[in-house]
Amino acid sequence: MTRIIHLSDLHFGRDQPELETPLIDTVNGLEADLVAISGDFTQRARESQYARARAFIDRLTAPTLSVPGNHDTPLDNIFVRMFRPWKRYRAAIHPELEPMTDFGTARIVGVNTVNRFSWQRGRMSRHTVSRVCRAFEGAGPKLRVVVLHHPLEHGPEVDKRLMRGADPALGRLQECGADVVLSGHLHHTITAPFQRAEGLLFVQAGTGLSNRLRGEPNTFNVIEGDRSRLVIRTFAAGDRPVFAQQDEAAFTRNNGIWSAA
C-alpha cells in the first residue's frame with residue numbers, strides 16, 4: 001500500500017503564515033511514503049520567497065519530490081526568466097527539474113510543464129511524454145504516478161487555455177501504463193478519472209497556503225492504495241488554522257478503467 005501526500009501552490013510571498021505550522025504538523029502526522037509538491041512554491045520567484053519555501057520543505061519528515069510551477073520563474077525580471085529561469089529554483093528546492101523516485105510500491109516521475117516564453121500556459125512535448133513512459137518500463141505492479149504543475153484537462157468553468165500538448169499526452173500516458181496524474185495551478189481540488197482518458201486518475205490539489213482562494217479553502221490531498229484501488233482524501237483548513245479531513249473518494253480500476261467505488 002502506497003501513501004502519497006500531494007501539496008501544491010504554496011505561493012510563499014502571497015501565503016497565509018498562520019497556516020504554515022498547522023499544515024506541516026498535519027502532513028507529518030500522516031506519515032506518508034512521499035510528499036509530492038506540484039509547483040508554485042513562490043509568488044514572484046524572489047530569493048527571500050525561495051528561502052521560506054526551503055525552510056518549509058526542511059520541516060517535512062517524509063521524502064519529497066518537487067516540480068516547478070509558472071510562478072517559480074520571475075514575472076517581473078524578464079532577463080532572469082529568459083536566460084536563467086531555474087537558477088533560484090535549483091539552488092533552493094532541487095537541482096533537478098524533473099526528478100524521479102521509486103520507493104518499492106510506487107514509481108513517481110516529475111515533469112516540468114512551465115513554458116518561460118508564456119507566463120500562464122504550460123507545455124508538454126512528445127519528447128517529455130516519451131521520457132515518462134520510458135521511466136515506467138519495468139515498474140511491474142508498482143503504482144505509476146506523474147507529477148506536473150499544469151493540468152492535462154480543464155472543466156468548462158476554467159477560462160485559462162489548456163497547456164500545449166495536453167491532449168496527445170493524455171492518450172500516450174494512458175497507453176504506457178500511467179495510473180495517476182497529480183497537478184495544481186488552478187487552486188481547485190479535483191479527484192476523478194480524466195474525461196478523455198478514463199484509465200488515468202486526475203488528482204488536482206488546491207492551494208496549500210495561498211490567500212488567493214478560488215471558491216474553496218486551503219487544501220491538500222492524500223492518495224493511498226495501489227494500481228487497482230485508490231482512496232483520495234482531501235484535507236482543508238477551516239475557520240481556525242487547523243487542517244482536517246473534508247472529503248474522501250474511492251476509485252477502483254476494472255478492465256483498465258477507473259470508476260468510483
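Biologist: What volume does the largest cavity have?
Modeller: This is a predicted model, in which local features need pLDDT of at least 70 and side-chain atom pairs count only at pLDDT 80 or more, whereas totals for chains, interfaces and linings use all residues. Residues are numbered from 1 along each chain as its sequence is written, and side-chain values use heavy atoms, with hydrogens and water left out. A cavity is a set of points, on a 1 Å grid over the protein atoms alone, where a 1.4 Å probe fits but cannot get out; points are joined across faces, edges and corners, and the volume is the space filled by probe spheres set on them. For the largest cavity the volume is about 50 Å³.

Biologist: By class, what does the lining of the second largest cavity have?
Modeller: The second largest cavity has a volume of about 30 Å³. Its lining consists of Ile5, Val27, Asn28, Glu31, Ala32, Val35, Thr61 and Ala62. By class, these comprise five nonpolar, two polar and one charged.

Biologist: Which residues of helix α1 are buried?
Modeller: Helices (H or I, at least four residues) and strands (E, at least two) are DSSP runs numbered from the N terminus, and α1 spans residues 20-29. Buried means under 20% relative accessible area, exposed over 50% and partly exposed in between, with a 1.4 Å probe and protein chains only. The elements covering the buried residues of α1 include β1 (2-7), β2 (34-38), α2 (47-58), β10 (219-225), β11 and β12. The buried residues themselves are Glu20, Pro22, Leu23, Ile24, Thr26 and Val27.

Biologist: Is glycine 29 buried or exposed?
Modeller: Glycine 29 has its place in helix α1. Its relative accessibility is 56%, so glycine 29 counts as exposed.

Biologist: Which cysteine forms a disulfide with cysteine 133?
Modeller: A disulfide is a pair of cysteine sulfur atoms within 2.5 Å, and by this rule the count comes to one. The sulfur atoms of this pair are 2.2 Å apart, and the partner of cysteine 133 is cysteine 176.

Biologist: How many bridges join β11 to β12?
Modeller: Two strands pair if DSSP finds at least two bridges between them. Strands β11 (residues 229-237) and β12 (residues 243-254) run antiparallel and form a hairpin with five residues between them. Leucine 230 stands opposite phenylalanine 251 in β12. The number of bridges joining β11 to β12 is nine.

Biologist: In the hairpin of β12 and β13, which residue in the turn has a positive phi?
Modeller: β12 and β13 (residues 257-260) pair in the antiparallel sense over four bridges. Two residues lie between the strands, and the turn residue with a positive phi, about 55°, is asparagine 255.

Methods:
On a 1 Å grid over the protein atoms alone, a cavity is a set of points where a 1.4 Å probe fits but cannot get out, and a pocket is an open set with protein on both sides within 12 Å along at least five of seven lines; lining residues have an atom within 4 Å of a point. Ala, Val, Leu, Ile, Met, Phe, Trp, Tyr, Cys and Pro count as nonpolar, Asp, Glu, Lys and Arg as charged, and the others, Gly among them, as polar. Contact means heavy atoms within 4.5 Å.
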